[in-house]
Each structure stands twice: as structure tokens, then as C-alpha cells.
Amino acid sequence: MEIITYSSKLVKPSTPTPAIHRFHKISFTDELAPTINVPLILYYPPPAKGVNNQFENMCDHLKVSISKTLSDFYPLAGRYIRKLSLIDCNDQGIRYVQGKANVRLSEILEPEKGFESNVVNNFLPCEIGEADEVDDPMLSVKVTTFECGGLAIGMCFPHRLSDMGTMCNFINNWATRSKGDYESGKYSPIFNSTFYFPQRGLPELDLRIPRSSAGVKNKARRFHFKGDGIKDMRKKVGYDGNGSRKPSKVQLVVALLWKALVRIDEANNGQSKASFLIQPVGLRDKIVPQLPTNSFGNYWGLAASKLGPGEGEKIGFQDFFKTLCNSVKKTAKDCAKILTHGEEGYEVIINPYLESNKNIADNEVNFYLFTCWCKFSFYEADFGYGKPIWSSTGSFPVQNLVIMLDDHKGDGVEAWVHLDEKSMKELEQDSDIKAYAL
């Protein structure tokens with residue numbers, strides 16, 4: 001596959017940012033975010049005949065509409081000043097790239113044709129680790145057209161300013177403007193993060209992601225857990241389909257993968273190391289009082305699950321699942337006191353980050369980050385040409401990371417697993433993984 005880039009420009013807000021908004025301070029939840037671009041790619045099939053005859057002009061149309069959206073989300077058109085912990089909202093613009101691929105979209109979507117997880121990075125506008133320097137655009141977008149008329153919209157959002165909730169609000173604003181049914185104020189951001197979480201000079205979550213992926217030898221692979229497999233996993237944890245709340249498909253997948261990774265560590269070392277696994281938990285709907293869904297910035301805490309050396313070898317799938325669920329439930333419950341218990345409330349957010357950095361640096365601990373992008377609104381993003389037929393993240397230059405998305409049917413999970421090459425080969429041969437994943 002070859003992609004020819006025929007345009008790369010800076011796109012500025014359609015309306016200049018007022019001088020009163022020139023500097024945007026980041027919150028302490030923004031401080032804690034890792035130095036990365038968060039990659040998201042949406043894939044669109046060719047439009048039906050007669051639906052829209054302007055498909056060839058779509059790239060330019062998207063550029064015009066994103067310029068209007070940037071007038072609302074003006075910090076994304078600025079530049080980050082690290083030493084001052086603020087965004088200079090100077091309207092310098094976002095990176096907007098247009099390209100053409102010499103393949104059909106179906107060749108990317110059909111795994112039997114030899115799909116490789118790292119191929120998706122061709123649809124991204126920049127490196128995932130290329131973030132937070134003064135010359136780095138805060139947001140980068142790449143629109144790639146396929147030979148069949150399909151389209152990929154690849155976006156790299158700055159984690160310094162945005163979580164998935166902020167990303168989806170931006171995408172909704174952009175999509176409705178592009179489609180022509182934008183409602184004033186509906187997807188406009190609310191810049192309230194420093195009111196709730198004033199700066200504290202905290203260290204970021206240090207995932208050790210390099211600016212360049214060149215020479216990085218980790219392996220990324222997409223594992224597809226279909227709905228039928230999820231149903232079987234629910235039975236394994238005692239759910240009979242009646243009465244009690246349906247077990248989370250996400251926690252089932254996390255439990256299955258975590259169990260497999262512990263088993264691999266045991267096989268290679270005689271005894272598994274201590275294991276520390278974190279999962280981001282959204283805060284907007286858990287804080288009391290709840291925050292608006294269009295609050296701009298990072299609003300997430302961390303749920304940490306732990307196992308001691310050798311402990312994972314003594315427990316089964318159901319125990320892994322229970323440990324994860326208890327951790328997430330406790331974190332969600334503790335979030336209720338974040339804004340009502342002063343410093344104790346803030347520690348609900350801060351302490352897991354500090355503990356995570358400690359475990360990342362400890363060679364005697366296996367650290368894992370599992371993050372879930374299921375049930376977010378980007379699956380419905382219609383820019384006037386229909387909804388996406390598929391969505392993906394990118395391939396990260398890091399190990400022990402798993403990103404989970406809904407599959408196209410909505411009842412399954414696509415887990416993008418990042419490991420060293422040896423561990424990936426062993427994971428692919430794990431009996432549970434072979435039983436439940438494609």
C-alpha cells in the first residue's frame with residue numbers, strides 16, 4: 001500500500017480568537033496526562049450512487065467545516081508552552097493533511113487479506129509521541145481517500161488537553177457543521193477544568209513513549225472478541241442471563257487478557273512477578289455534582305488492580321474478573337467525594353497516578369494499561385456521507401498497552417494489544433485467547 005500526500009497545511013479558526021482568551025491554563029488533571037497524541041481513525045465507505053455527487057470535494061469541505069469548529073475549540077489551534085503549563089491560543093492552526101491511497105478500503109477491512117495492525121498508522125497525520133513541544137500542532141488531521149471512493153479520517157488529539165469525551169465533543173461539532181445540521185451551543189466546549197482542578201505542578205503519567213517510533217520493536221495486534229464469545233465468557237463468571245446486572249464485556253476481556261499475560265510470565269520465569277493494572281475511569285458523570293458532558297479537558301481517574309508475586313497463578317478467570325470489577329466500582333464510588341472532601345477528594349485522582357509511575361519504574365512489577373473506548377459517540381459521526389463502517393486506534397510504540405473499542409456490531413470488543421514480539425507470539429497461542437478471539 002502506498003499513500004501519496006498531496007497537501008499539508010495549517011488550518012486556522014474561521015474567527016480569530018479574542019485577546020481575552022489568548023492564554024488557556026491547563027488543570028491538574030491535564031498535568032497528569034501522558035505526553036502523547038491520542039490517535040483515532042474513522043473509516044467511511046463510498047457514498048451510495050445519487051446520495052452525494054460532491055465526494056471528490058469532501059476533503060476541502062471538511063477543511064472549511066473544521067475551521068469553524070476550531071473557533072469554538074480555539075486552544076486546539078494554539079501551541080503548548082510546557083514551562084508555563086498553558087496553551088498560547090495564538091491561532092497558529094492545526095495540521096491538516098490530505099492523501100490518496102492506492103488500495104480499496106475493503107483491503108484494509110478484511111483480515112483474511114493479511115491485515116497488519118501497524119498499517120493503520122499510515123492514516124495518521126503525525127507520530128503518536130510527537131507532542132507537547134512548542135512547535136507541535138495541538139491537533140493534527142489526515143483525510144485519506146481510497147481507490148473505491150471510501151475515506152479515512154485520521155486524528156491525533158493532544159492528551160495534554162483532551163480525553164475521549166473532549167475528542168467526541170469536537171468530532172460531533174465538526175460532523176454536524178459539515179453535514180449542515182449544527183445547532184448553536186449543542187457541542188460547544190465549556191472551559192471549566194481549572195475551576196474544579198486548579199494547577200498543582202504534578203508529574204505526568206510517564207508511559208515512556210518516544211517521539212519517534214523508528215526502531216521500536218514492540219508488536220501490536222487486534223484481537224476481535226465477538227458477541228457470541230462474550231456471552232460464553234459471561235457464563236464462565238456465573239451469569240445465566242436472568243436477574244442480576246449483565247457482566248461488563250470490557251471487564252471480561254480485560255480479565256481474560258490479564259490472566260493470559262500472568263500465565264505467560266509464569267511460564268517464562270517460573271513464577272509471575274507482581275502485576276499492576278490500571279484502567280481510566282471517566283469522571284464527568286461520577287463527580288457530585290455531575291459535570292456537563294461538553295466540559296473541555298481531561299476528566300478521568302485511574303482504577304488500579306494489583307496482584308502479588310505468584311498470586312495470579314493461584315486464581316482463576318472468575319477471580320481476575322472479580323478483582324477488576326471491585327477496583328472499578330471502588331474508584332467510581334470514591335469519585336463522588338472528589339469535589340466535596342477537599343485535599344482528600346483530590347487524592348482520589350492524584351494517588352493512583354503517583355502509584356502508577358512508581359510501578360512503571362519498578363523492574364519487579366509488570367505494569368499494564370487497559371483503556372476502553374467503547375460506547376463513545378464517534379461511532380455515529382456523520383459528516384454528511386453516512387456513519388463510519390469501522391474505527392480504529394493506531395499502533396503505539398510502547399508495550400503492555402491495550403485499547404478496547406466496540407466492534408461494528410456493537411456487542412463485541414476489538415482489543416488492540418501492544419507487547420514485545422516474544423510475548424505476542426505466546427499470547428496468540430494461549431488456549432483461552434484462541435478459544436475466544438479472532
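Is Cys-59 buried or exposed? Cys-59 counts as buried, because its relative accessibility is 4%. Here buried means under 20% relative accessible area, exposed means over 50%, and partly exposed lies in between, with a 1.4 Å probe and protein chains only.

This is a predicted model, in which local features need pLDDT of at least 70 and side-chain atom pairs count only at pLDDT 80 or more, while totals for chains, interfaces and linings use all residues. Residues are numbered from 1 along each chain as its sequence is written, and side-chain values use heavy atoms, with hydrogens and water left out.

1. **Cysteines.** A disulfide is a covalent bond between the sulfur atoms of two cysteines. The cut-off used here is a pair of cysteine sulfur atoms within 2.5 Å. The structure has 0 disulfides. Cys-59 is in none, and the nearest cysteine sulfur, that of Cys-148, is 13 Å away. Cys-126 is also in no disulfide. For Cys-126, the nearest cysteine sulfur belongs to Cys-156, at 3.8 Å. Cys-126 is buried, with a relative accessible area of 13%.

2. **Nonpolar cores.** A nonpolar core is a set of buried Ala, Val, Leu, Ile, Met, Phe, Trp, Tyr and Cys residues joined through side-chain atoms within 4.5 Å. The largest has 96 residues. Within this core, Val-141, Phe-378 and Phe-383 touch the most other members. Helix H4 (residues 164-179) gives the most to this core, with 7 residues.

3. **Val-141.** Contact means heavy atoms within 4.5 Å. Leaving aside neighbours within four places in sequence, Val-141 is in contact with Ile-66, Ile-94, Arg-95, Tyr-96, Val-97, Pro-125, Ile-153, Gly-154, Met-155 and Trp-174.

4. **Strand E14.** Helices (H or I, at least four residues) and strands (E, at least two) are DSSP runs, numbered from the N terminus. In strand E14 (residues 401-406), 6 of the 6 residues are buried, so the strand is largely enclosed by the rest of the structure. Leu-401, Ile-403 and Leu-405 point one way. Val-402, Met-404 and Asp-406 point the other way, and all are buried.

5. **Partners of E14.** Two strands pair if DSSP finds at least two bridges between them. Strand E12 (residues 365-372) runs parallel to E14, joined by 4 bridges. Strand E15 (residues 413-419) pairs with E14 in the antiparallel sense, over 6 bridges. Ile-403 ties into both pairings: Thr-371 has Ile-403 as its bridge partner in E14, and Trp-416 is the partner of Ile-403 in E15. The hairpin of E14 and E15 has 6 residues between the strands, and Gly-410 takes a positive phi near 95° there.

6. **Aromatic rings.** Rings of Phe, Tyr and Trp (its six-membered ring) pair if their centres lie within 6.5 Å; planes under 30 degrees apart count as stacked, over 60 as edge-to-face and the rest as tilted. The count is 22 aromatic pairs. One aromatic cluster is formed by Tyr-44, Phe-73, Tyr-74, Phe-157, Phe-170, Trp-174, Phe-191, Phe-296 and Phe-383.

7. **Charges over rings.** A charge sits over a ring if NZ of Lys or CZ of Arg is within 6 Å of the ring centre and within 35 degrees of the ring normal. Arg-221 lies over the face of Phe-223, 4.3 Å from the ring centre. Lys-236 lies over the face of Phe-317, at 5.1 Å from the ring centre.

8. **Two buried loop residues.** Phe-146 sits in the loop between strand E7 (140-145) and strand E8 (151-158). Phe-146 is buried, with a relative accessible area of 5%. The C-alpha atoms of Phe-146 and Arg-104 are separated by 5.3 Å, though these residues are 42 apart along the chain. His-159 lies in the loop between E8 and H4 and is buried, at 10% relative accessible area. Not counting residues up to four places away in sequence, His-159 touches Ala-33, Pro-34, Ile-36, Val-38, Asn-298 and Trp-300.

9. **Backbone points to check.** Most residues other than glycine have a negative phi, and most peptide bonds are trans. The peptide bond from Val-288 to Pro-289 is cis, with omega near -5°. Ser-85, not a glycine, has a positive phi of about 50° and is buried, at 17% relative accessible area. Arg-208, not a glycine, has a positive phi of about 60°. Arg-208 is exposed, with a relative accessible area of 53%.
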